Amino acid sequence: MSAVAGLVEQTRQFVVEHVIPVEREVVVGGRVTDDALRTELQKKAKEAGVFGPLSDPRYGGLGLDTRDQAQVLEAAGASLLGPLAVNAWAPDDGNIHLLTHVANAEQRERYLSPLSSGEVRSAIALTEPAPGAGSDPRMLQTTAQKTHTGWVINGAKHFTTGANGAAFTICVAKTSEGPTMFLVDQDNPGILVGRRMPTLDHTSAPGGHCEVTFTDCEVPDSAVLGEVGRALELAQVRLAPSRLVFCMNWLGLAVRAQQLTVDHIIGRSAFGVPVADHGLAQGLVADNEIEIAAARSLVRSVAATVDIYGPASPQARHETSIAKTFVSETVWRVLDRAVQLHGGLGVCEDHLVARFLVEARAFRIYEGPSEVLRWSIARRVLRGPR
């Protein structure tokens, strides 16, 4: 058995033994996904040797390339809480990628090290209420004004994932030289984390999606992440890997839903025979299996592109857009069929697939809605001939 195959099996066993029982406590028993739960699961992941598939070994991570991550994170994604347990869940996954490639030595020590090792959580503040930035980051309204000692940030954000309880937030603000990223410590008096927005997805991550306000938020020059005016360009380092990690994680959940469905219809009878013997049911199972296989192949192919050409390359940007669009819609269809094949029990959270479906709905929106990604894919395809 290869090293990565052994790690995949370790991760699979870890999820079965330690994560899935807690997942049921959350989904059915009402346990809150908070930092105490995160710390508990991550401690067990470290003990099992499966913590940190995205992190460098110097921070206690596994140091995997993207192709190996694809296999390991599919195994971790078998539970809603699996990616959180191994420290590969949004927004920390993308922020680890971003800080690894963009932060200077001092910033890596101060922010990347504790984030990679699971000591803290982070947030990223880009999305704004209308008429601010959403799918189009060029509509940025939050500003950062230069002062003699640093910068003053003012603006409102929402859908700031993980903000409640984060140790720091990466804020994207408009400067005279263009959009810029700033590292803002959460104890800064100029940042206020408001209400946690009541979104469909509320099971899989602590901190929620929050409204955040920056009011005369003073930060030093050392808070600039990367270079002034280059936020949108530098963010490409984060975007492609983050989209692909989403695909890996949610694909794992789709695989688990298929397994739960097969077990259910084999044991449930209707009209004198097991549901599994009905042709229409078999058709849905076959469709799931076909689409899972296609999604897995696409993810692993795109992972190789990221490794070969780099996360900010045009090839990675194009192919991760394709993967994110296809896999997000595939996962939705697989989970919807799983609910359908469970019958009435499919809409009861006792059988988990209902919660899987609800939690996965946002996947088709976060990190780029399918419609926006299709538009950008088409533009790149048409650009050459034109």
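I call a residue buried under 20% relative accessible area, exposed over 50% and partly exposed in between, with a 1.4 Å probe and protein chains only. By that rule, I find both phenylalanine 246 and phenylalanine 363 buried.

**Basis.** I worked on a predicted model, in which local features need pLDDT of at least 70, side-chain atom pairs count only at pLDDT 80 or more, and totals for chains, interfaces and linings use all residues. Residues are numbered from 1 along each chain as its sequence is written, and side-chain values use heavy atoms, with hydrogens and water left out.

**Aromatic pairs.** I searched the whole structure and found six aromatic pairs. Rings of Phe, Tyr and Trp (its six-membered ring) pair if their centres lie within 6.5 Å; planes under 30 degrees apart count as stacked, over 60 as edge-to-face and the rest as tilted. The rings of tyrosine 111 and phenylalanine 168 have centres 4.8 Å apart and planes at 65°, so I recorded this pair as edge-to-face. I noted tyrosine 111 as buried at 6% relative accessibility, and phenylalanine 168 as buried at 2%. For phenylalanine 246 and phenylalanine 363, the centres are 5.8 Å apart and the planes at 25°, so the pair is stacked. I also noted that ring pairs link Trp89, Phe246, Trp250 and Phe363 into a cluster.

**Charges over rings.** I required NZ of Lys or CZ of Arg within 6 Å of the ring centre and within 35 degrees of the ring normal. Lysine 146 lies over the face of tryptophan 151, 5.4 Å from the ring centre. The charged end of arginine 361 sits over the ring of tryptophan 332, at 5.5 Å from its centre.
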